[in-house]
Amino acid sequence: MIQRAVEAAGISTVSITLDDSITKRVKPPRALRVPYGFGYPLGEPNNHELQHAIISEALELLTDNAPPPILKCSIYI
């Protein structure tokens with residue numbers, strides 16, 4: 001997976017995922033699970049407040065000094 005190669009080069013990454021079963025098999029360094037369908041990883045179109053909240057939460061995974069979580073679930077319904 002590209003995310004692992006980028007991490008190996010010293011650049012932290014985070015994924016936004018829609019299917020935790022696939023994400024658990026791939027095991028990216030960091031992933032934020034959102035409850036939306038394929039094609040809408042940031043929720044409904046034109047909902048800027050929701051989209052900003054999701055992106056902010058994903059970026060927070062990069063600032064935590066703890067070992068990176070494989071999967072963090074987010075509730076935005």
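Analyst: Helices here are DSSP runs of H or I with at least four residues, and strands are E runs of at least two, numbered from the N terminus. By that count, the protein has 3 helices and 3 strands, running α-β-α-β-α-β from the N terminus on. It's a predicted model, so local features need pLDDT of at least 70 and side-chain atom pairs 80 or more, while totals for chains, interfaces and linings use all residues. Residues are numbered from 1 along each chain as its sequence is written, and side-chain values use heavy atoms, leaving out hydrogens and water.

User: Why is L59 called partly exposed?

Analyst: Buried means under 20% relative accessible area and exposed over 50%, with partly exposed in between (1.4 Å probe, protein chains only). L59 has 46%, so partly exposed it is. L59 lies in helix α3.

User: What makes the nonpolar surface patch?

Analyst: I16, I55, L59 and L62, over about 300 Å². Patch residues need over 30% relative accessible area and no salt bridge, and nonpolar side chains are joined within 5 Å. At 46%, L59 clears the area cut-off. Helix α3 (residues 48-63) gives the most, 3 residues.

User: How do you know that R33 and L18 make a polar contact?

Analyst: The backbone oxygen of L18 lies 3.2 Å from a polar atom of the R33 side chain. R33 sits in strand β2 (residues 31-33) and is buried.

Methods:
Lys and Arg count as positive and Asp and Glu as negative; His and the chain ends are not counted. A salt bridge is a side-chain nitrogen of Lys or Arg within 4 Å of a carboxyl oxygen of Asp or Glu. A polar contact is a pair of N or O atoms within 3.5 Å; within protein, one must be able to donate a hydrogen and the other to accept it, and residues adjacent in sequence count only if both atoms are side-chain atoms. Patches are made of residues with over 30% relative accessible area and no salt bridge: like charges are joined within 9 Å, nonpolar side chains (Val, Leu, Ile, Met, Phe, Trp, Tyr) within 5 Å. Accessible areas come from the Shrake-Rupley method with a 1.4 Å probe; for residues, only the protein chains shown count as cover.
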